[in-house]
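Me: Please take a close look at one part of this model, the place where two of its chains meet. I would like one connected account of it.

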There are 4 protein chains.
Amino acid sequence: MSGKISFSSDYTKGAHPQILKRLSETNFEQIDGYGTDDYCKSAAEKIKKLCGTPDADVFFLVGGTQTNQTIIDMLLKPYEGVVAAQTGHVAAHEAGAIEFSGHKVLTVPSLYGKAGAETDADKKAVYSDEVGKIKACDLKALLETFYGDDNHEHMVFPGAVYISHPTEYGTLYTKKELEEISGICKEYKIPLFLDGARLGYGLMSKRTDVSIQDIARLVDVFYIGGTKVGAMFGEAVVFTKGAPTAHPVPIIKQHGALLAKGWLLGLQFDTLFTDDLYMNISKNAIEMAELLREGLVEKGYQLFIDSPTNQQFIVMDNDKLKKFSEHVRYGFWEKFDEMHTVIRLATDWATTKEDIDTLMKYL
Amino acid sequence: MSGKISFSSDYTKGAHPQILKRLSETNFEQIDGYGTDDYCKSAAEKIKKLCGTPDADVFFLVGGTQTNQTIIDMLLKPYEGVVAAQTGHVAAHEAGAIEFSGHKVLTVPSLYGKAGAETDADKKAVYSDEVGKIKACDLKALLETFYGDDNHEHMVFPGAVYISHPTEYGTLYTKKELEEISGICKEYKIPLFLDGARLGYGLMSKRTDVSIQDIARLVDVFYIGGTKVGAMFGEAVVFTKGAPTAHPVPIIKQHGALLAKGWLLGLQFDTLFTDDLYMNISKNAIEMAELLREGLVEKGYQLFIDSPTNQQFIVMDNDKLKKFSEHVRYGFWEKFDEMHTVIRLATDWATTKEDIDTLMKYL
Amino acid sequence: MSGKISFSSDYTKGAHPQILKRLSETNFEQIDGYGTDDYCKSAAEKIKKLCGTPDADVFFLVGGTQTNQTIIDMLLKPYEGVVAAQTGHVAAHEAGAIEFSGHKVLTVPSLYGKAGAETDADKKAVYSDEVGKIKACDLKALLETFYGDDNHEHMVFPGAVYISHPTEYGTLYTKKELEEISGICKEYKIPLFLDGARLGYGLMSKRTDVSIQDIARLVDVFYIGGTKVGAMFGEAVVFTKGAPTAHPVPIIKQHGALLAKGWLLGLQFDTLFTDDLYMNISKNAIEMAELLREGLVEKGYQLFIDSPTNQQFIVMDNDKLKKFSEHVRYGFWEKFDEMHTVIRLATDWATTKEDIDTLMKYL
Amino acid sequence: MSGKISFSSDYTKGAHPQILKRLSETNFEQIDGYGTDDYCKSAAEKIKKLCGTPDADVFFLVGGTQTNQTIIDMLLKPYEGVVAAQTGHVAAHEAGAIEFSGHKVLTVPSLYGKAGAETDADKKAVYSDEVGKIKACDLKALLETFYGDDNHEHMVFPGAVYISHPTEYGTLYTKKELEEISGICKEYKIPLFLDGARLGYGLMSKRTDVSIQDIARLVDVFYIGGTKVGAMFGEAVVFTKGAPTAHPVPIIKQHGALLAKGWLLGLQFDTLFTDDLYMNISKNAIEMAELLREGLVEKGYQLFIDSPTNQQFIVMDNDKLKKFSEHVRYGFWEKFDEMHTVIRLATDWATTKEDIDTLMKYL
């Protein structure tokens, strides 16, 4: 709209053309509402097959906060809270949607800054690949302390664990880390929920050993983000062993999350999970991010986080940023120090090599 | 999908082609999120101008229950409830979404059946045009009783009034009735909220004297339904005198109702409110409903409700219904008696004369 | 305080002297908090033995609304509501405490007025013994309609049934009625909850065939009211087959209902359930109410409800009432007509024959 | 009950004898319910006079968590959270009662351990007087960050500040600290709430410069704890400039916090605020705590926190603790290291010199 190129986020564009095409083709079909249609069924079947989880329950919601809120409310008993990283989306950026549903978010520290950092500069100078992640040992400590004796009935019970993959900082869990966290959850009989708002970009990272089948095997529920990965809107929720309630519909409805024309969601995910479209377009974002990263390093920019996914974070001189912003829309992340700012540059499913070339001119 | 023609509801199709076209055209524009974009601004301006409410706050949400829940939560103090007809959507068909937000729905009786009806047959035999509506006298009585003395602090305070127009039964308020209800609300300083999920079909009815300007003048907040009237999805909320909170965004977010790609909503309403599209397509539904109604009367069907809008309700013999259902999808409404069923036949923005002709063959 | 005698309610006095005595005797014992003490254990054992429910879970809360809210929240899933009479305390007089916890109160009509009454006068002229009660047929109809087919997932699930005994109008269920309601609840696998805020006055009525053992056998949870029956404060909750949660404490705490000095409650109920004190003092209230009723009938007063318990309701001429109120505090119930008012006169555990004699002078 | 002397907490005994006496004396008075009585009025007047706040609204609730939950819900808008120390009661020990009401607790770090401590031993070895307190600079930083620009509508708004005085660790704010925090709250127009569950013990500390008038001047609402300071139960809430709602009663009722026999609370506080009783008995607890502290230091015990109030915390060898526990009930606080435990010893309004002597024998 502004004439500037934008790398501000990965939800600035509409939908993959194939989705637009199918929306047009089916526009005058008359389809049953509320997710009871055949497109939803077909999409669910494709996802279950891909994940290797024949007993899964799959349903489709509209957006991320809505999905997090609804799933967590399904998982928890009234007196339970959800464990999340301090930096987790449900802890920090959902305007209290979890608390609105009556539940506390119990936070564990999320490593931020260089290990052993003591000065502010050090804390910010080098970020490890761990930022945004829950550490298995922290989770174990929290659960051990709570469930270790019987005296905690005046505190909030940890009743589920929330992780995001990729995290809000673009980082990824390793398979080993996921297995450890999953193992701890199983030990304490607590469901594990993985927020995959950007799941495709995690799965297609060149620096991951985690597949969607691994995730389906290791967590109790996760969602496959559509809004940020090629869909016009929508998130596919996968309860890998079946939903924790016989009646998900009224719970979804209560949260204002039951889309009347549910087939719009089914149709989109059916398209994304036909001929590997979801993975292919995710791969594009990763390749563009790698190009961008190489360019950044080459030009001597300081990476704020060494991100393996589609979000890249760099430290930029404020004067330079001023000029840069005349040509490029970027994501403000945080103040680095008096003279520098951390910004986010995000690629997506539709970013082209030309976009990167254009961006590079202004860097 | 089934090969049958469907008159089951007015949300079985996608979007008006003009909307699909604009979604395609703008697909790769990079647009700011969360409703801060220019399409939302443009749509809001058009709506404000049409309504004659320059001070209005307009924003866009995804679906009906979500909208009702979010608006009502904005209007009420924690100890207040919303007054609605027993048959109102918020009272009966939202899975407790209002109570989920902590508020009681205080119901007033909604006339159902012939005045003075004593037998079950009579109760169902003739429906007045009043079904689904709040009567001003009932509302006044409720408020008078509550606020008449100081002894009701152990009861739920009536803090807002909810009406739907058209109602869930397709009926309409007259301008005089709206003025009376509005007057009572003003007298008691209680905001009036009009659910316009099917607003277009009410405005274009041949039997209404209520304009959108009347509504904008008489209520504190209403919404213009898109999901059922030509949009792919979406409802335009109009706080006619401005929103009751300085911070609607976090409230919307808390309800999981803040669409990341908010422009998808703005763009649709911008299209619907260009060149009278919303009114024109609504008019089509009404004309088709009138055609249908004439045909029904001609064929001797008993109208369950003499509906002036796009939903028509008839009483059908169960044996006949069985055959009918082989060709037509309809809305089951309720059992009439042992041998008859009440069904709903709904036209919409895209119903054609051919559709009606086809339907007539099976009636 | 005012020098007038009061029959306005049954919670105008402190506690039975035996309770005051034990509070004094134990005042400097140092007792463990939160209901973990031996007095609570002892009281629970006595109640379980009396009820014939060795597997019951018994705990003690402070007041009625708090108890109703906490119990109902324990019984219901998030998408469920509680069925109650329109006149039930949870439906009408708790300022929305149930909705505050996220649950709808689903009401069934509560017979009010003469059967078949058509005029307002008739409606109020004669009240049956049924007012305030749920009728088994109404409950069955509600559950049958809801659970009869699979299409109600957009409505609130009836998840528990609430009855009060005595009701808010002083009326009582018969054993047969309780058995019917209990049977319906069992058929639909829905827990039955009996609010016994005035339980003693129901059990000791001369016109009841219902014992505490009957109640314990027929309901899933009930509470034995202390606040209105001899305790300083407190209600004893009895989950007859055990609590529906492994962790009642955090739920109680969340509701702000966990008394630090829980033994104050245990001690009171231990006293009330020693040597039949609870039943004996309840019997006193009934005997005084019978005396009062006989006097009222003798003096030609119109009984508004023919109440078998400690609350008596009469219709009084407004002029007469004005004089009466100079000497007696009474409970205003409702306007009868332009010239008459319905008032409540309540006896309690401590009402004396002299009190009745004094009252009679002013009648 | 166990024959052991108990220093486990300050809510192990009943009520000051003067309160028992008045409860007995007034037992058969017939008093109006729900806090509308003259005892509540009298107590409120005495408190307002003492505080120097003629415009204050004073009301009486039953317990601490209930009071915190109800007050915070009155202070906050739906999208706001309350700022508290990580160690604050509302953050850590109320089973999620604040979240149950829909609000997030936003935490600021609470200094725990020696400044600059790096080893675990150091972290635990010496506690400053600051533990449990919010630091003004932390509060300012949080508010500055949030309100400093306009981009935080996806986060929870800090809408009130909660502090406890004494804190959960027995520590106290200085007048200067309270003034700073109050000033920051005023600057950001955010109400300040002081939890005074143990207020008397703070006011009577020999190491405080804060009076009840200071508190009344500096905060928007605080409560005077009764449960732990001489009352049988009860907390007196003081909105120093008037309540933030015209209708506190339905809000209190919704929280299940409206005591039917409200005069029981009024009567107790009327007694406590007659002839300085509250301050005098608080002073006793402090004197006994000082005696205890001197004894502990003399015997060479390591003070875990150098507490100026009635709660004393020491580090004890596990073997010694085992023997100690045969004679004394104490409060388990936390594990210190493999061989030591931190315990709490609390004096109260009724602790005698003999009790301390007895305790000393076992130390």
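Reply: Across the interface of chain C and chain D there are 2 salt bridges, a salt bridge being a side-chain nitrogen of Lys or Arg within 4 Å of a carboxyl oxygen of Asp or Glu. In one of them, D:Asp32 pairs with C:Arg329 at 2.8 Å, N to O. The model is predicted: local features need pLDDT of at least 70, side-chain atom pairs count only at pLDDT 80 or more, and totals for chains, interfaces and linings use all residues. Side-chain values use heavy atoms, without hydrogens and water.

Between chain C and chain D, 34 residue pairs are in polar contact, both residues at pLDDT 80 or more. Among the elements of chain C that give two or more residues to the side touching chain D are β1 (5–6), α2 (38–51) and α12 (263–272); helices (H or I, at least four residues) and strands (E, at least two) are DSSP runs numbered from the N terminus.

Contact (heavy atoms within 4.5 Å) takes in 52 residues from chain C and 52 residues from chain D. The two chains bury about 4,500 Å² between them, 59% of it on carbon and sulfur atoms; this is the accessible area (1.4 Å probe) lost on being put together, summed over both parts.

A rotation of 180 degrees with 0.0 Å of shift along its axis superposes chain C on chain D, with RMSD 0.0 Å, by least squares on the C-alpha atoms of residues with pLDDT of at least 70 in both. That is the relation of a two-fold axis. The C-alpha of C:His255 is the nearest to the axis in chain C, 3.5 Å from it. The same surface serves both copies, as 100% of the contact residues of chain C recur in chain D.

Technical notes: Residues are numbered from 1 along each chain as its sequence is written. Chains are lettered from A and ligands numbered from 1 in the order in which they are written. A polar contact is a pair of N or O atoms within 3.5 Å; within protein, one must be able to donate a hydrogen and the other to accept it, and residues adjacent in sequence count only if both atoms are side-chain atoms.
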